[in-house]
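User: Could you walk me through how to read a structure like this, feature by feature?
Analyst: Happy to; let's look at it together.

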Amino acid sequence: FYLRFSLTTRQVVSLIPAVGSGNCRDLKAFERRLTEYIHCLQPATGRWRMLLIVVSVCTATGAWNWLIDPETQKVSFFTSLWNHPFFTISCITLIGLFFAGIHKRVVAPSIIAARCRTVLAEYNMSCDDVSIFFIRKL
């Protein structure tokens with residue numbers, strides 16, 4: 001059996017008749033706060049994702065141009081990088097973004113939801129990616 005708390009109707013949708021909405025105020029407050037926090041991260045996460053996509057596409061385009069250039073095979077590695085500044089700069093930018101932790105910023109809401117699921121599992125509960133709680137009764 002599941003007990004679902006809905007944020008849109010602000011009511012407890014219960015499949016277990018013994019549980020009332022008065023008993024779950026703290027849980028609903030926690031769910032509301034967690035939902036606020038995850039939704040607050042979404043705009044920043046979207047911007048980081050767009051930045052990562054743009055830099056990745058630039059790096060892939062620069063790499064393609066670098067690889068199909070016939071001069072690349074005739075000169076040294078560093079000279080070929082010097083001859084293709086677009087690829088060199090985009091590659092350095094991509095490496096810098098990964099060192100700055102963009103891979104964590106892109107998936108931050110998912111990490112938080114996964115950690116909440118781990119903690120809530122001890123209390124026989126779970127939540128989805130938008131942090132709506134589910135209580136499982138054994």
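**Surface, fold and helix packing**

Analyst: Let's begin with the surface. The protein chain of this predicted model exposes about 9500 Å², and carbon and sulfur atoms supply 67% of that area.

User: How much of the protein chain is buried?
Analyst: Buried residues make up 33% of its 138 residues.

User: In what order do the elements run from the N terminus?
Analyst: The order is β-β-α-α-α-α-α-β-β, which gives 5 helices and 4 strands. Among contacts with a separation of 6 or more, 53% join residues 24 or more positions apart.

User: Which residues does the UniProt annotation "transmembrane region" cover?
Analyst: The unreviewed UniProt entry places it at residues 50-68 and 80-102. In the model, residues 50-68 are 100% helix and 0% strand, with the end C-alpha atoms 27 Å apart. Residues 80-102 are 87% helix and 0% strand, and there the end C-alpha atoms lie 28 Å apart.

User: How should I read the packing of two helices?
Analyst: Two packed helices are described by the angle between their axes and the distance between those axes. Here, helix α1 (residues 25-68) and helix α3 (residues 85-99) have axes that come within 8 Å and cross at roughly 145 degrees. The crossing of α1 and α3 is left-handed.

User: Which residues in α1 and α3 meet?
Analyst: On the α1 side they include W48, L51, L52, V55 and W66, while those in α3 include F86, F87, L94, L97 and F98. By class, this contact of α1 with α3 has 13 nonpolar, 6 polar and no charged residues.

Technical notes:
Residues numbered from 1 in each chain as written. Predicted model: local features only at pLDDT ≥ 70, side-chain atom pairs only at ≥ 80, totals over all residues. Heavy atoms only, no water. UniProt positions renumbered as here; feature names shortened; annotations may be inferred. Helix = DSSP H or I, 4+ residues; strand = E, 2+ residues; numbered from the N terminus. Buried < 20%, exposed > 50% of the residue type's maximum accessible area, 1.4 Å probe, protein only. Contact = heavy atoms within 4.5 Å. Areas by Shrake-Rupley, 256 points an atom, 1.4 Å probe, with all protein chains shown as cover. Axes fitted to C-alpha atoms, helices over the stretch in contact; angles between N-to-C directions. Left-handed = near helix turned anticlockwise from the far one by under 90°. Nonpolar A, V, L, I, M, F, W, Y, C, P; charged D, E, K, R; others polar.
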